[in-house]
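This report covers strand pairing and one surface patch. The sequence and structure come first.

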Amino acid sequence: MEVLSLHEQVREAESLDRTGMTTSSKYVTQSMREDIEKTEAYINSKHITGELDYMGREKPFFNIVMAARNIWFRATDLDRKHITIRATKETDEIEAFLTTILLQQWMKEQNFGVWLNDWGLTLATHGSAVSKFIEKDGELTCQVMDWNNIIVDPVDFDNNIKIEKLWFTPAQLKKQKGYDQDLVDKLLDNLTTRKTLGGKQKDSKSGYIPVYEVH
């Protein structure tokens, strides 16, 4: 069996994310990327079939999903105060109390309440949420990943790579800790602007570089 290099795995995963289909049962197939994009469209009151009807008139959009999303979010909303450590033995109650104080202090310093809100809203919107925890300079930070920027295997999430596609300006890329700066310099030296065959600029991201973080 051929072993793919890391960049080949990334390219294959990105291609499957865009075009691949998942078979749920004999008669049901679905695309995770299509589901994500439909959800984003409906949350933002956008038709997936275009804004105009066959006569060129603007189509109204009756948004019936936001109310359901918001009810779910409020019903499952967690605050920092709800998170405590409970002792299973009476002799551990003091230790659990002190640990809870330290935990509450850490959550306040790391804006853990923001993560809780982002996590809850993403969960209510998409039905699932992926979080990334980073330990850097002795500090543990957490963030909810944007489904629009991540590529995962919808069938076997745990045992396959997780890819996050990020965009950086050259200055931002050089400031990223943990990146091989020699490779960054080589990349910047060979950076080209995205243009059409006619020489026109494709989009406004000419100054941005796509970076794939693989976990």
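Buried means under 20% relative accessible area, exposed means over 50%, and partly exposed lies in between (1.4 Å probe, protein chains only). This is a predicted model, in which local features need pLDDT of at least 70 and side-chain atom pairs count only at pLDDT 80 or more, while totals for chains, interfaces and linings use all residues. Residues are numbered from 1 along each chain as its sequence is written, and side-chain values use heavy atoms, with hydrogens and water left out.

Tyr42 is partly exposed, its relative accessible area being 31%. Tyr42 belongs to helix H2 (residues 32-43); helices (H or I, at least four residues) and strands (E, at least two) are DSSP runs numbered from the N terminus. Together with Ile48, Phe62, Ile64 and Val65, Tyr42 makes a nonpolar surface patch of about 520 Å². Areas come from the Shrake-Rupley method with a 1.4 Å probe; for residues, only the protein chains shown count as cover.

Two strands pair if DSSP finds at least two bridges between them.

| Antiparallel pair | Bridges |
|---|---|
| S3 (residues 131-136) and S4 (residues 139-144) | six bridges |
| S5 and S6 (residues 163-168) | two bridges |

Lys136 stands opposite Glu139 in S4. The S3 and S4 hairpin has two residues between its strands, and Asp137 there takes a positive phi near 55°.

S5, S6 and S7 form an open antiparallel sheet in the order S5-S6-S7. S5 (150-151) and S7 (209-214) stand at the edges with a single partner strand each, so one side of each has no neighbour in the sheet. Ile150 has Glu164 in S6 as its bridge partner.

Conventions:
Patches are made of residues with over 30% relative accessible area and no salt bridge: like charges are joined within 9 Å, nonpolar side chains (Val, Leu, Ile, Met, Phe, Trp, Tyr) within 5 Å. A salt bridge is a side-chain nitrogen of Lys or Arg within 4 Å of a carboxyl oxygen of Asp or Glu.
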